[in-house]
Amino acid sequence: MLAQLKLCKTQSVLDYRLLLFYDIGANYAEIFSRSGRRAVAKVEGGGRCKGVSRELALTLYPELGWEFLDVEAPFDIRPTDPVPATRVVMKVPFGVTEAVVRAQLKGYPLAEGTLALEAFGHIEFGEVVHVEPTEYAVLTDDTKLRLVEVPVEDDVIIYMRKY
């Protein structure tokens, strides 16, 4: 199904997940851009905003000014059932544990590259270094995780909750 969708901002770590806010009758969708880029996203119904997360928008259409303009783009959406990840290697901010990673990423498709994690009251960035058996496999309870902790510099914290 082809849909013209906009950016849905959640003001949370969900902006940095591959999410489709559009009811398609499935839990996951394989999504294509007009140029042929592909991603697998978790589906979160249609709520108040029908569209895509920041991460999904920039993955499929990095050339558009999503955060600066009111942009809509065509997305070719196909229901899918992604494979479970068997092994994932990640670099995570120092102090982020396996329990935190599993709690935040369970059920989400993973791709190699930068990944946001909410820890210690703000968002910090780690990296998915490797996903087996394939890109966009979903993290499950049975996935073997290898975490490499790296120090975090104060200048890379981009979002902090205000109390």
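Modeller: Two strands pair if DSSP finds at least two bridges between them. The model discussed here is predicted.

Biologist: What makes β7 and β10 a pair?

Modeller: Five bridges join β7 to β10, residues 122–132, and the requirement is at least two, so the two strands pair. They run antiparallel. Within β10, Glu 132 stands opposite Arg 87.

Biologist: How do you know that β7 pairs with β12, and in which sense?

Modeller: Seven bridges link β7 to β12, residues 144–150, in the parallel sense. At least two would do, so this is a pair as well. Val 92 has Glu 149 of β12 as its bridge partner.

Biologist: Why is β7 described as largely enclosed by the rest of the structure?

Modeller: Five of the seven residues of β7, residues 87–93, are buried, so the description holds.

Biologist: Why is Asp 15 said to have no salt bridge?

Modeller: The nearest side chain of opposite charge, Arg 54, is 6.7 Å away. A salt bridge needs a side-chain nitrogen of Lys or Arg within 4 Å of a carboxyl oxygen, so Asp 15, though buried, has none. A polar atom of the Asp 15 side chain does lie 3.2 Å from the backbone nitrogen of Gln 11; the limit for a polar contact is 3.5 Å.

Conventions:
Residues numbered from 1 in each chain as written. Predicted model: local features only at pLDDT ≥ 70, side-chain atom pairs only at ≥ 80, totals over all residues. Heavy atoms only, no water. Buried < 20%, exposed > 50% of the residue type's maximum accessible area, 1.4 Å probe, protein only. Helix = DSSP H or I, 4+ residues; strand = E, 2+ residues; numbered from the N terminus. Lys, Arg positive; Asp, Glu negative; His and termini not counted. Polar contact = N/O pair within 3.5 Å; in protein donor to acceptor, adjacent residues only side chain to side chain.
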